[in-house]
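Please read them alongside the sequence and the coordinates.

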Amino acid sequence: AYGNHNVAETAQMLGYLEEGMVVRHAEGMWHWSSENFPAENISLRTAAAENFVIINASDPTPRIIGEMDRFSVLTLLHEEAIYLHEGQQYHVDTLDWDEQKAYVRAVDADYYTDANLAVTLKVLDIASGEDREAARNYGDVMVSAQATIYKKIKLGTHENVGWGKIHLPEQELHTTAYWLCVPPVVAENMPGKDALQAGLVGLGNVMSQMAPLYLMCDPRDLGVVPQVKNPFTGQSTIFLYDSYPGGIGFSRKLFDMHTALLEAAGELISACPCEDGCPACVGPAMEIGPGGKKHTLELVNGLLAAATPVHT
């Protein structure tokens, strides 16, 4: 009976495709009849469908040297950006947003560019079955991103040698996210709001480093948003979201490994020999503020203690 059900369902889908002139039925067989190849809309580089093409205009005959998804263009392919391709630096001369084309030329610059992205996140739906104040959750979210400015960072010394504004439209991404909430008792035990803010930023940085190791993905596949007071959860919250439309399944896995991630974060911070934060653990001290490493470890320990049942 189950097999008959599958056959009927397949026949129904093929009939639907035949109406759309995607396939045709002849002599007991189904044949592909669309003008486009079946895999044309499947990108090998990204899950996003609307890619920008990168055109090397410095050659006598301009040629396409790469593609990039719309969300990444905001920070990596804006005008005046330094784009790296196969070890060669390219300066982005023009970005045609409507035509989805970037025109670049080969350069030998002594700096790279780093863009700031202002990100806001709104929870649309909870998929875990937990209530909104639970310590961990996952579900659908809407991410809004606006590229603001870029900095020119000198190679070798990492000095800031210039900056500029980015004029690109705000982008929205409907995706999935995993998030953890800081219970009020843990937040109240932190030594002040600044300490809580530093702990959230530091833990967000650590988790964005640890999660790709567990998921075996590229760090750019995930985005992180720490918030001192999220309007949906009503608590301090850290979000890790899939950087692709619709999500690609990371959120549920992160939800399942919630405690393991916190334990690994604590071990990484404790084992790092830096005094008060560095890129290898919670992030640069100037980014998270004085005592940021200490406050991040206090936050992690508080979250682990709150998650451990007390036996009487």
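1. Arg252 has a salt bridge to Asp256, with 3.3 Å between the closest N and O atoms; the term requires a side-chain nitrogen of Lys or Arg within 4 Å of a carboxyl oxygen of Asp or Glu. Both residues belong to helix H5 (residues 250–256), and because they are four residues apart there, about one helical turn separates them.

2. On provenance, this is a predicted model, in which local features need pLDDT of at least 70 and side-chain atom pairs count only at pLDDT 80 or more, while totals for chains, interfaces and linings use all residues. Residues are numbered from 1 along each chain as its sequence is written, and side-chain values use heavy atoms, with hydrogens and water left out.

3. As to confidence, pLDDT (the predictor's confidence in each residue, from 0 to 100) has a mean of 88 over the protein, and 93% of the residues reach 70 or more. Among the elements, the lowest mean, 75, belongs to helix H1 (residues 2–19), and the highest, 96, to E6.

4. Overall, the protein has eight helices and 13 strands, these being DSSP runs numbered from the N terminus, with at least four residues for helices (H or I) and at least two for strands (E). Its C-alpha atoms fill a box of roughly 75 × 65 × 30 Å along the principal axes, and 44% of the 312 residues are buried.

5. Which parts do the other salt bridges connect? The structure holds four salt bridges, one of which joins the side chains of Arg105 and Asp93 at 2.9 Å, N to O. Since Arg105 lies in strand E7 (residues 101–107) and Asp93 in strand E6 (residues 88–96), this pair ties together parts that are 12 residues apart in sequence. Arg105 is partly exposed at 37%, and Asp93 is likewise partly exposed, at 29% relative accessibility.

6. A further salt bridge brings together the side chains of Asp110 and Lys154 at 3.0 Å, N to O. This pair links distant parts of the chain, 44 residues apart, with Asp110 in the loop between E7 and strand E8 (111–126) and Lys154 in strand E9 (residues 136–154). Asp110 is partly exposed, with a relative accessible area of 44%, and Lys154 is partly exposed at 27%.

7. Turning to helix packing, the axes of H6 (residues 258–271) and H8 (residues 292–307) come within 10 Å and cross at roughly 150°; axes are lines fitted to C-alpha atoms, for helices over the stretch in contact, with angles from 0 to 180 degrees between N-to-C directions. H6 and H8 are therefore roughly antiparallel, given that angles over 145 degrees count as such, under 35 as roughly parallel, 65 to 115 as roughly perpendicular and the rest as oblique. Residues making the contact (heavy atoms within 4.5 Å) include Leu262, Gly266 and Ile269 of H6 and Val300 and Leu304 of H8.

8. Helix H4 (residues 193–215) also approaches H8, their axes coming within 8 Å and crossing at roughly 80°, so that H4 and H8 are roughly perpendicular to each other. Among the residues that meet here are Ala195, Gly199 and Leu203 in H4 and His295, Leu299 and Leu303 in H8.

Technical notes. Buried < 20%, exposed > 50% of the residue type's maximum accessible area, 1.4 Å probe, protein only.
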